[in-house]
2 protein chains.
Amino acid sequence: MANLYDVAYDLENTLRSSDEFQGLKQAYEAVMSDESSKRMFEDFRNTQMELQQKQMQGEDITDEEVEKARKTVELVQQDNKISSLMEKEQHLNNVINDISQIITKPLEELYGQDDQ
Amino acid sequence: MANLYDVAYDLENTLRSSDEFQGLKQAYEAVMSDESSKRMFEDFRNTQMELQQKQMQGEDITDEEVEKARKTVELVQQDNKISSLMEKEQHLNNVINDISQIITKPLEELYGQDDQ
Ligand SMILES: [Ca+2]
Ligand SMILES: [Ca+2]
């Protein structure tokens, strides 16, 4: 029987060469090679991370911060390169969630069996 | 190129027939077919879940609850069938964490590349 880790590396390689990942990579490089898209995208990422951290630490988020976040979202949505990147990110995230549900199905079946 | 989902199903099947999963399944069935081990294990699981839920909802945990949890842990540790199950669970969890790090490596490399 194939080794579990060998099959995991197969899956990594398949993911790396998939249209989904290659498309994401190109979209990411398109953003990073455009000075204004790059700055906008990094602003957006930083703002999101700051807000997430504050939420996790239970800190209050001010009206100015909400407004700033709203503006960075509005800006990135108007940038074609960034919108394309975010679409491809979302799609690959869905694929990875699917994969992880497939892989953990044996465990779910095992622990769920006495409820059926 | 192989389809991403096909390789994910390969990995599921490899996991399902692995020594790690088959060993866990046997250990689980051994606990479930022993009336006293089964009751003890379910008590332990329920107690853990109740405490986790309270923690997540920010509720206080009473001294009685801490003491009850300590006792259920002590009991399951003395039961060979349950200790064996928990060891195998821990091991398979480690394997699944490894696998998920392997699979998400392409994404980490992509987003980390401008920091290197
Ligand atoms: Ca169950
Ligand atoms: Ca980076």
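The side chains of A:Glu12 and B:Lys105 meet in a salt bridge, with 3.7 Å from N to O. The term stands for a side-chain nitrogen of Lys or Arg within 4 Å of a carboxyl oxygen of Asp or Glu. This is a predicted model, in which local features need pLDDT of at least 70 and side-chain atom pairs count only at pLDDT 80 or more, while totals for chains, interfaces and linings use all residues. Residues are numbered from 1 along each chain as its sequence is written, chains are lettered from A and ligands numbered from 1 in the order in which they are written, and side-chain values use heavy atoms, with hydrogens and water left out.

Between chain B and chain A there are four salt bridges. Over all chains, the structure holds 18. Six residue pairs are in polar contact between chain B and chain A, both residues at pLDDT 80 or more. A polar contact is a pair of N or O atoms within 3.5 Å; within protein, one must be able to donate a hydrogen and the other to accept it, and residues adjacent in sequence count only if both atoms are side-chain atoms.

Which elements of chain B give two or more residues to the side that touches chain A? They are H1 (4–17), H2 (19–32), H3 (35–56), H5 (80–103) and H6 (105–112). H1(B) gives the largest share, 12 residues. By class, this side of chain B has 23 nonpolar, six polar and 13 charged residues. Here Ala, Val, Leu, Ile, Met, Phe, Trp, Tyr, Cys and Pro count as nonpolar, Asp, Glu, Lys and Arg as charged, and the others, Gly among them, as polar.

Now the whole interface. The contact (heavy atoms within 4.5 Å) takes 42 residues from chain B and 42 residues from chain A. About 4,000 Å² is buried between the chains, and carbon and sulfur atoms give 74% of that area. Buried area is the accessible area (1.4 Å probe) that two parts lose on being put together, summed over both.

Chain A has six helices and zero strands. Helices (H or I, at least four residues) and strands (E, at least two) are DSSP runs, numbered from the N terminus. The C-alpha atoms of chain A fill a box of roughly 55 × 35 × 20 Å, along the principal axes.
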